[in-house]
Structures are given as C-alpha cells and as structure tokens.
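Let's take a walk through this model and see who touches whom. Have the viewer open as you read.

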Amino acid sequence: AQGFEEKLPAEFWKDYGNACLKFASLINDLSFYIKAINCLKNAVSIEPNAFENWCFLGKALQQLYMHTHDEDHFSQANDCFSTASQIQPQDG
C-alpha cells in the first residue's frame with residue numbers, strides 16, 4: 001500500500017489500521033500495533049475531522065501503552081480521545 005503511487009483514501013487507511021490492530025491483539029506482536037498506528041495516522045492526516053479515525057488511533061495507542069508502559073503512548077492516546085471528543089462532544 002505504501003508503494004502505491006496513487007493517494008489512497010482515509011477509509012482505506014482506517015480499515016487497514018483496524019485490521020493490523022485486530023491482528024496485533026491476536027498474535028501479541030508490537031510491530032503490528034505500530035503498523036496500525038501509522039496507518040491510522042495516515043487516515044487522520046487525510047481526514048482530520050473524522051471522529052472515528054481519532055477514536056481508532058487512540059485505541060491503538062492505548063493498546064501499545066498496555067504492552068510497553070511508555071507514558072508517551074498514554075499521553076498520545078489521551079490527546080486522540082480529547083480530539084475525538086471535541087469533534088463529536090455528544091458521543092460518550
């Protein structure tokens with residue numbers, strides 16, 4: 001996907017990131033968490049006002065934090081969830 005010349009839509013990156021995130025949780029491999037985060041960051045950069053993209057990115061960072069205990073991942077996850085709540089404040 002990264003070598004594809006044409007710019008891919010945010011929906012592709014969101015789906016690809018979610019697939020990597022699910023796979024990472026099944027095999028417990030940090031490299032797939034990182035791949036999911038990179039894909040979801042692409043989705044967020046293409047559609048910065050998409051609530052779902054921010055939620056999924058926050059979830060991926062949260063999962064990575066649970067495995068690494070790196071406070072930076074925790075902080076980034078909080079920032080993502082905060083951004084998502086600003087985009088769609090009525091969603092709990």
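How far apart are K14 and E11 in helix α1? They sit three residues apart in that helix (residues 10-27), which puts about one helical turn between them. Helices here are DSSP runs of H or I with at least four residues, while strands are E runs of at least two, numbered from the N terminus.

A quick word on what you're looking at. This is a predicted model, where local features need pLDDT of at least 70, side-chain atom pairs count only at pLDDT 80 or more, and totals for chains, interfaces and linings use all residues. Residues are numbered from 1 along each chain as its sequence is written, and side-chain values use heavy atoms, with hydrogens and water left out.

**The charged network**

Side chains of opposite charge can pair when their charged atoms come close. The structure has two salt bridges, meaning a side-chain nitrogen of Lys or Arg within 4 Å of a carboxyl oxygen of Asp or Glu. Here they are:

| Pair | N to O distance |
|---|---|
| K14 and E11 | 3.4 Å |
| K14 and E52 | 2.7 Å |

For the K14 and E52 pair, K14 belongs to helix α1 and E52 to helix α3 (residues 51-68), so this bridge ties together parts that are 38 residues apart in sequence. Through shared partners, the salt bridges join E11, K14 and E52 into one network.

How covered are these side chains? K14 is buried, at 9% relative accessibility, where buried means under 20% relative accessible area, exposed means over 50%, and partly exposed is in between (1.4 Å probe, protein chains only). E11 is partly exposed at 45%, and E52 is partly exposed too, at 40%.

**Who K14 and N53 touch**

Setting aside residues up to four places away in sequence, K14 touches L40, A43, E52, N53 and F56; contact means heavy atoms within 4.5 Å. N53 is found in helix α3 and is buried, with a relative accessible area of 3%. Its contacts, again leaving aside neighbours within four places in sequence, are A10, K14, A43, V44 and E47.

G17 is another helix α1 residue, and it's buried, with a relative accessible area of 0%. Which residues does G17 touch, not counting those up to four places away in sequence? The answer is A36, C39 and L40. The C-alpha atoms of G17 and K35 are separated by 7.0 Å, although the two residues are 18 apart along the chain.

**A greasy spot on the surface**

F23, L26 and I27 make up a nonpolar surface patch with about 310 Å² of accessible area together. Patches are built from residues with over 30% relative accessible area and no salt bridge, joining like charges within 9 Å and nonpolar side chains (Val, Leu, Ile, Met, Phe, Trp, Tyr) within 5 Å. The areas come from the Shrake-Rupley method with a 1.4 Å probe, and for residues only the protein chains shown count as cover. I27 lies in helix α1 and is partly exposed, at 40% relative accessibility.

**Cysteines**

A disulfide is a covalent bond between the sulfur atoms of two cysteines. Searching the whole structure turns up zero disulfides, taking a disulfide as a pair of cysteine sulfur atoms within 2.5 Å. C55 is in no disulfide either, with the nearest cysteine sulfur, that of C80, 9.2 Å away. As for cover, C20 is buried at 5% relative accessibility, whereas C55 is partly exposed at 22%.
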